[in-house]
Amino acid sequence: MLFLVLSILCSVIVGVIFKITRKYNGNPTQIVAFNYAVALALCYFSYSPNLAEVDGNAPWSLYIAIGVLLPFVFLSLVASIKHMGIVKTDAAQRLSLFIPILAAWLIFKEEFNSYKVIGIVIGFLALLFILRKQSENSQNKWFFPAAVLIGFGIIDILFKQVALYTTLPYPTSLFVVFCIALSMAILIAIYQIGVKNVKLESKNILFGALVGIFNFGNILFYLKAHKAFAENPSTVFAGMNMGVIVLGSIVGLVFFKEKLSKINFIGIFLALISIVFIVISQFK
């Protein structure tokens, strides 16, 4: 459970940093690029991955899929906030929980006991209560929040597959994924700088470094959590999403002075109950 808690903390901090960057007009593409550069360095110096072990038998299809999706989802998240507003974007990200939960049942053939079913049902109800907010944004560019929802859900599933691939150490797999993600982000940044004359600014390097540190921690601890709960992927899927919802709501309330209705508070309480049931289900 410690790995899951640490992953939740890192995930929320990444979101907080991205919220702050909007106040300083940070460039999302440059931030994402420097984020992966730092995450790549941390992965290398922390675990010294042996790239000689990576051969043609490695799960390259998973590596490439995650490496391409990671920067795409990050940029889709920023675009969704711009066009649809933070509320609808948050809803899309949190509702991505449906995809891995369904995958745990349909793909991974996980058996759900009564505690887990009750926890998941309460969790979905909590989502509806927490997300019951009004948005003043009337634009209907639904592609971006749809990309966020589907992207985060698919990434959850793919990282589960990587965690189960035991031939290579997962830090080595993570390093390869970061290399691909960094390459994609650099290509996009070069296009913006060379074609659209976007300036390279030092503030984006700083924000990117901060995001990279916590992004690395988030993914690393998430993979560790999946290894610890290898037989019950829905425990990590649900626990991670509900934990981020609760902690993210608290951070928004205390540090960003966001207003929460009584319905929202009921949703947070239900999310906590949901997590309790899901944790209990792990031991039944």
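## Basis of the model

The model is predicted, and local features require pLDDT of at least 70, side-chain atom pairs count only at pLDDT 80 or more, and totals for chains, interfaces and linings use all residues. Residues are numbered from 1 along each chain as its sequence is written, and side-chain values use heavy atoms, with hydrogens and water left out.

## Overall architecture

The protein contains 11 helices and 0 strands, where helices (H or I, at least four residues) and strands (E, at least two) are DSSP runs numbered from the N terminus. Along the sequence the pattern is α-α-α-α-α-α-α-α-α-α-α.

Of the 284 residues, 49% count as buried; buried denotes under 20% relative accessible area, exposed over 50%, and partly exposed in between, with a 1.4 Å probe and protein chains only. The protein exposes about 13,800 Å², of which carbon and sulfur atoms supply 69%; accessible areas come from the Shrake-Rupley method with a 1.4 Å probe, and for residues only the protein chains shown count as cover. Among contacts (heavy atoms within 4.5 Å) with a separation of 6 or more, residues 24 or more positions apart account for 90%.

## Packing of H5 and H7

Two packed helices are described by the angle and the distance between their axes. Axes here are lines fitted to C-alpha atoms, for helices over the stretch in contact, and angles run from 0 to 180 degrees between N-to-C directions. The axes of H5 (residues 98–106) and H7 (residues 143–164) come within 7 Å and cross at roughly 40 degrees. H5 and H7 are therefore oblique to each other; angles under 35 degrees count as roughly parallel, over 145 as roughly antiparallel, 65 to 115 as roughly perpendicular, and the rest as oblique.

H5 passes H7 in a right-handed crossing. A crossing is right-handed if the near helix is turned clockwise from the far one by less than a right angle, and left-handed if anticlockwise. H5 contributes Ile99, Pro100 and Ala103 to the contact, while H7 contributes Leu149, Ile150, Gly153, Ile154, Asp156 and Ile157. These residues divide into 7 nonpolar, 1 polar and 1 charged, with Ala, Val, Leu, Ile, Met, Phe, Trp, Tyr, Cys and Pro counted as nonpolar, Asp, Glu, Lys and Arg as charged, and the others, Gly among them, as polar.

## Packing of H8 and H9

H8 and H9 (residues 202–228) pack at an angle of about 140 degrees, with their axes 11 Å apart. H8 and H9 are therefore oblique to each other, and H8 passes H9 in a right-handed crossing. The contact involves Tyr170, Leu174 and Phe178 of H8 together with Phe216, Ile219, Leu220, Leu223, Lys224 and Lys227 of H9. By class, the residues of this contact are 7 nonpolar, no polar and 2 charged.

Ala181 lies in H8 (residues 170–195) and is buried, with a relative accessible area of 0%. Leaving aside residues up to four places away in sequence, Ala181 touches Tyr36, Gly67, Leu70 and Pro71. The C-alpha atoms of Ala181 and Pro71 are separated by 6.1 Å, although the two residues are 110 residues apart along the chain.

## Loop residues with positive phi

Most residues other than glycine have a negative phi. Asn25 has a positive phi, near 55 degrees; Asn25 is in the loop between H1 (2–23) and H2 (28–47) and is exposed, with a relative accessible area of 61%.

Ser48 also has a positive phi, near 40 degrees. Ser48 is placed in the loop between H2 and H3 (60–84) and is exposed at a relative accessible area of 54%.
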